[in-house]
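Visitor: I'd like to learn how to read a protein model, one feature at a time. Could you please guide me through it?

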Amino acid sequence: MTRLEEDGQRPKQQQQQQQRMHCWRDILPRMEDIRARATDQFIAAWKDSSAVCANYFTWHETMGYVVVKRDDVNKRVVLSSRVPEILEEMGCVFDPASAGMHPQAYGSDDDDDDEVQPPLSETALNTCWRPAHARFALRCQPPHLHRFAVGQLALELKECFEKRRKMLKSRLRPDEMLLSISQFPLLGSGTYIDGQGPADGPLLHSHLLSDQCLNQVPPFTLEINGICDRRGTVPYTAVAVFRDKKTEWPFVDTDVPPLQTDFDFVVQPEMAADESEETAATRAEAATARKSSTASARSADDHSSNGSADNSQQDETDDGPNSVIARLARSPSETAATKNCLLLDSPLFGIGSGGVLRVALCAADLDEARSLYDQLAPISAILTALTAATPIVRGYLVERDSYWDVQCSVVDDRSAQELGLAPLTTAKGTQFKSRFGSIDTYLGPGPGNNDLAFQPKFNDCKYTYDNSAYWKMKDNGVDHLLSQHVAHLFTRDIHYASERMLKAASGTSSRKGDSSLKKSDGQEHFKRFLGCNRKNVCLYPPNTRAGSGWEVELMSLEVQLTDEENAAFITFAVLLSRVIISYRLNLYLPISLMDQNMARSQKVGAVKNQLFYFRRDVFGGRDGASACSGRILRPGNGSNWRVTPSDASGDDTSTPRRHIGSKYPDTSEYIELTIDEIINGSARFKVTGILNIILTYLSTMRLEYEVEQKLRRQLLLVRKRASGKLCTLATWMRNFVQNHPDYRHDSVVLPSINYDMLRTMNDIEEGRVAAPGLLG
C-alpha cells in the first residue's frame, strides 16, 4: 500500500475507532466521569435555551413494524429475520452513533413563517428507517419535524402512513407480511422465527429465545447484555395466564427451568397494586387533605452520592406500613409467587421486539414543555387502555390486554442493593421502579411562573436522585424540581458507550476533523441516560443540530393495526397538547393515583370494565381557586356543549364511585370515572370530557368545512373506542382466538389459530376484509 493509500485509510480507521462501543463492565470505572459530563451537557442546554422561544409548534411520530413470513401449506406464520437485509436494500445503513437522535428539523428559525411546507406524502419518500433490537422489527421517523397544521393532520397524515407502508411492502417477498403489532403472539413458543437456532445461545442466554432473534450489532447486543450483567442474573418476568374453561390449573410453566432464588424473577406491579388499592387510595385521600409542603433535598452530608425524595407524607403516628404498601405497589421486581404465570427470561421480550407508537411534541419553551409533561402524564393511562393490543404472550391468552408493564419489567436492571434485598454499598440508593415505567415526579411550573395548579403533595412517591448532579445543577441556577428530575436519571447506569464518549468524559479532546462530531449535538452523554430511563412521558432538551426546542414524548400508546387508527390517535394526542396549552387544562393527579390508573389500564377489557381516577374540574386551580378559571363555558352557563345519552354511559348508578378530596361527592377533587366519561363526558358527574374540549377548540379555529369534518371523522374513532361501540385490538384478537374452531378453551393459541388471525389482520389492514367491530 502506498503512502497516499495509507493516508486515505487513516481517517476511516480513526472514525471506526471513535465509534467503537464498550460494554457496561468496561465503562463502569468511568461511570462517574460520564455522569459529570452528562450533567454539564444538560446545564449547557438549559442555559442556551433559557432565552429562546420557538416560532411555531412542531411534532413528530415514531412508529414500528414487524415483518413475518407466511407458510400457507403448513398454516404457520413465523417471524422474518430479513429486516437488516431489507433496510440495506433501501439504502438505510445503520450508524450506531445515530441511535436516539432526533429527526432533522424542517427549515430554520430564519425561515419565513408563511413558508409552505411540503405535503406529508412527499416526506414519506424520505422516511428515516431504523433497525430495532430484534431482527424482525424496524422503526421509522419522519425526515424532519412536522410544523403544526390542522389541514395536514386531517388530509395528509393517513396518506403519509399508507405510502410508507406501501414503500416498505415493495421490498417484501411474496410470502412475507408487514404488520404494525406490538408483539408477535408466538414469540418464545415453539417455532417462531425463520432459521431458528437452538435456545440458550451465547448472546441472549435465554431458554426461550434463539440468538437468531437479536440484531447482532452494537449498541443492541451491548444493551441487552448490560441489563443482565448489571442485575447480576436473568431478569425473569411473570405474566398471569388467562384462565379459560379447560386451562390446566394450577398452571405451571414447564418451558423455563425452576427458579433457584427469589431474586431470579420479576413480578408485574399491578399484582401487588391491586391488593393495596383501597389502602393506597385512602393514603392519597389523607395526603390530599393535608396542607401541602415543599419537598426538601437531603443534605450532601447525609450521603456522598445519593439523595432521596420522600413525598409520601405519612401521618406522624404512622409506624411505616404505608411505605411498604407503596413500595409493593410500584416495585415490579418484588418477590412473589409465579404460580399460574408464564415466565419471560430475556430483555428482548420487551425492548425492540415489536411495533411502537410514540408522539413527540416540541414546545415553545421550557415552561410549556413542563406543562405538557405534567398534564400528559395523567392521561397516558387512558391512552394505554384505548390502544391496548397485546392479549397474547408466548402463545397463551394472558390476564391482561396491554404490554406496558411487561415491557417495563423485562428490561429491569436493578441490582439486589437497589431492590432493597442487600445492604447499600455501591448503589446510589433504593430504586422503587424499573428504569422503564411511569414518571416518578412532576416538574411543576418553572420559577416566576404564576401557575398555582401544581401542588407539592402531588409528588407523593419515593425516588432517589444523584446528589452531586443535583447540587451542581442547583448551583448553576436550575430549579429544585427540574434538578431532582434530571438527577434521578443519573442514578441509573448506561449500558454502553462509544470510544469518543469515554474520551470526552475524561477530557481528552477528539482529533480535529472527526466526522462523527458533525453528527453530534453535544448531548450524547446526557441522551444515553435518557435512553436508559423510558417513562410514560419523557422530556428531551433542545436539539441544537435539528433546531428543535424542548420536546415531550408520549410513550405509553400501543401501535394500532391500521394507518387509520394510528392517524386518529396521533391526531388526538397532538390536538390535546394544543388544548392543554390554549385552555390551561389542569389534569394533575397524585402520582400514586396515576400509578393505580396505569395498572388498571392494562387489565382485560379495561375500557369497559375499569374505573380510573380523574380530576373532576379540569379548568380550575390554575389561579389557586377551586372554581372554573378556564376559557370554555361550562354546561348551564350559556355553553352550546351538551351531553346526550349516547355520549355518556355514566347514568348507571349500580357502580360505586370513590370520591377523593371532599366528603361531599359534588365537591370532590378527584373521582373514579369510566374511560367513556373521561373522554366523552358525563352529565351525571358534571365532567366535560376531553374530546368535547378538543372539538370546542376546533370550532374556534375557523377551519375549512372539509378539514373540520375530516378531523371530526378521525376523532369519531376515538369517541367510539372510548364508549365501547368499537373494541380495542386486544379485544378483537381475544375474541378471534376464543371463537376459532381449533381453540380448545385451554388458553393455548395454536400455530393454526395464529396463522388465521394474522392473515385476517393483514387483510383488514389492506382493506380486503371488513372489521366493523374494530373500525366501524
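Visitor: Let's start with the cysteines. Is cysteine 362 buried or exposed?

Guide: Cysteine 362 is buried, at 1% relative accessibility. We call a residue buried under 20% relative accessible area, exposed over 50%, and partly exposed in between, using a 1.4 Å probe and protein chains only. Cysteine 538 is buried as well, with a relative accessible area of 5%.

Visitor: How many disulfides are there?

Guide: A disulfide is a covalent bond between the sulfur atoms of two cysteines. The rule here asks for a pair of cysteine sulfur atoms within 2.5 Å, and the count is 0 disulfides.

Visitor: What should I know about the model itself before we go on?

Guide: It is a predicted model, in which local features need pLDDT of at least 70 and side-chain atom pairs count only at pLDDT 80 or more, while totals for chains, interfaces and linings use all residues. Residues are numbered from 1 along each chain as its sequence is written, and side-chain values use heavy atoms, with hydrogens and water left out.

Visitor: How do I get an overview of the chain?

Guide: Begin with the secondary structure, which comes to 26 helices and 23 strands. These are DSSP runs numbered from the N terminus: helices are H or I with at least four residues, and strands are E with at least two. Then look at burial: 61% of the 776 residues in the chain are buried.

Visitor: How many aromatic pairs does the structure have?

Guide: A pair of aromatic rings is described by the distance of the centres and the angle of the planes. Rings of Phe, Tyr and Trp (its six-membered ring) pair if their centres lie within 6.5 Å; planes under 30 degrees apart are stacked, over 60 edge-to-face, and the rest tilted. The whole structure holds 15 aromatic pairs. In one of them, phenylalanine 454 and phenylalanine 458 have ring centres 6.3 Å apart and planes at 70°, so they sit edge-to-face. Phenylalanine 454 is buried at 13%, and phenylalanine 458 is buried at 0%. Tyrosine 470 and tryptophan 471 also pair edge-to-face, because their centres are 5.0 Å apart and their planes lie at 80°. Tyrosine 470 is buried, with a relative accessible area of 2%, whereas tryptophan 471 is partly exposed at 32%.

Visitor: Which residues do ring pairs link into a cluster?

Guide: Phe42, Phe490, Phe526, Phe529 and Trp550 form that cluster. A ring can also have a charge over its face: NZ of Lys or CZ of Arg must be within 6 Å of the ring centre and within 35 degrees of the ring normal. Arginine 578 lies over the face of phenylalanine 57, 3.6 Å from the ring centre. Arginine 734 is placed over the face of phenylalanine 242, at 5.3 Å.

Visitor: How many salt bridges are there?

Guide: Side chains of opposite charge can pair when their charged atoms come close. The rule is a side-chain nitrogen of Lys or Arg within 4 Å of a carboxyl oxygen of Asp or Glu, and it gives 43 salt bridges. Take arginine 394 and aspartate 253, whose closest N and O atoms are 2.6 Å apart. This pair links distant parts of the chain, 141 residues apart: arginine 394 is in the loop between β13 (392-393) and β14 (396-397), and aspartate 253 in the loop between β8 (236-240) and β9 (265-267). Both arginine 394 and aspartate 253 are buried.

Visitor: Which residue forms a salt bridge with glutamate 524?

Guide: That is arginine 500, with the closest N and O atoms 2.9 Å apart. Glutamate 524 belongs to helix α17 (residues 524-531) and arginine 500 to helix α16 (residues 499-505). Helix α17 is largely enclosed by the rest of the structure, because 7 of its 8 residues are buried. Among these buried residues are Phe526 and Phe529, which also belong to the ring cluster.

Visitor: Which residues touch the most other members of the largest nonpolar core?

Guide: A nonpolar core is a set of buried Ala, Val, Leu, Ile, Met, Phe, Trp, Tyr and Cys residues joined through side-chain atoms within 4.5 Å. The largest has 199 residues, and Leu376, Leu386, Tyr442, Phe572 and Ile690 touch the most other members. Contact means heavy atoms within 4.5 Å. Setting aside neighbours within four places in sequence, leucine 376 is in contact with Leu361, Val537, Val552, Leu554, Leu576 and Ile580.
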